[in-house]
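Subject: Structure for your review

Dear colleague,

My notes on it follow.

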Amino acid sequence: MRLYNIDHVGLAVFDLDAALAEYERLYGIRPLYRETVASQDVEEAMLPLGGSFVQLLQPLSKDGPVGRFLERNGEGMHHLAFAVDDIDAALKELAGEGVRLIDQEPRPGGRGAKIAFIHPKTLSGTLVELVELPDDH
Ligand code: CO
């Protein structure tokens, strides 16, 4: 498996509109994508930054993974996402190494991507997401 780049850093926020307004006011950046991602129970916005993105995540409910994270920790970094070219092969390889996967199979993410999460216990205490983008990205 090869990791290509840091696709994005995911930050959990209570109020996406307010966070976007602050990023625009302070850094002059606007989101390239904004969409609801049902499989993650979030509305997300992607702020482009030198080939990577800052991903802002506002939970749609308190019961989803990001909603629970916010309740526990408040706003802050939620996960780190690496781009891969073949997520199915990557998951197979990691499972073969005994890595604890949160997603055994990829699920649909934003931008038409396939994504999967890896348990923080097995990777530097950090929730890691693998991202396989569609060919037109
Ligand atoms: Co993400």
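The notes below cover the basis of the model, the sheet and the metal site.

This is a predicted model, in which local features need pLDDT of at least 70, side-chain atom pairs count only at pLDDT 80 or more, and totals for chains, interfaces and linings use all residues. Residues are numbered from 1 along each chain as its sequence is written, and side-chain values use heavy atoms, with hydrogens and water left out.

The sheet. Eight strands form an open sheet with mixed pairing, in the order S2-S3-S4-S1-S5-S8-S7-S6. Its edge strands, S2 (33–37) and S6 (107–108), each pair on one side only. Strands (E, at least two residues) and helices (H or I, at least four) are DSSP runs numbered from the N terminus, and two strands pair if DSSP finds at least two bridges between them.

Strand S1 (residues 6–12) runs antiparallel to S5, to which 6 bridges join it; here His8 stands opposite Ala81. S1 also pairs with S4 in the parallel sense, over 5 bridges, and Gly10 is opposite Gln55 of S4. Strand S5 in turn is paired with S8 (residues 128–132), parallel and over 4 bridges, with Leu80 opposite Val128.

Of the 8 residues of S5 (76–83), 6 are buried, where buried means under 20% relative accessible area, exposed over 50%, and partly exposed in between (1.4 Å probe, protein chains only). Helix H3 (residues 87–96) lies across S7 (114–118) and S8, at about 145° to S8. Such angles run from 0 to 180 degrees between N-to-C directions, the axes being lines fitted to C-alpha atoms, for helices over the stretch in contact; contact means heavy atoms within 4.5 Å.

The metal site. The cobalt ion is coordinated by His8 (NE2), Gln55 (OE1), His79 (NE2) and Glu129 (OE), at 2.1 to 2.3 Å. Donors are N, O and S atoms within 2.8 Å of the metal (3.2 Å for Na, K and Ca); as water is not among the atoms, sites may look incomplete. Along the chain the donors follow the spacing H-x46-Q-x23-H-x49-E. Within this set, Gln55 in strand S4 (residues 52–59) and His79 in strand S5 are 24 residues apart and link distant parts of the chain.

Gln55 counts as buried because its relative accessibility is 2%; His79 counts as buried because its value is 0%.

The angles among the 4 donor atoms are 80 to 166°, and the site is irregular. Four donors count as tetrahedral if all angles lie between 85 and 135 degrees; four count as square planar and six as octahedral if opposite donors are over 155 degrees apart and all others between 65 and 115; anything else is irregular.

Yours sincerely
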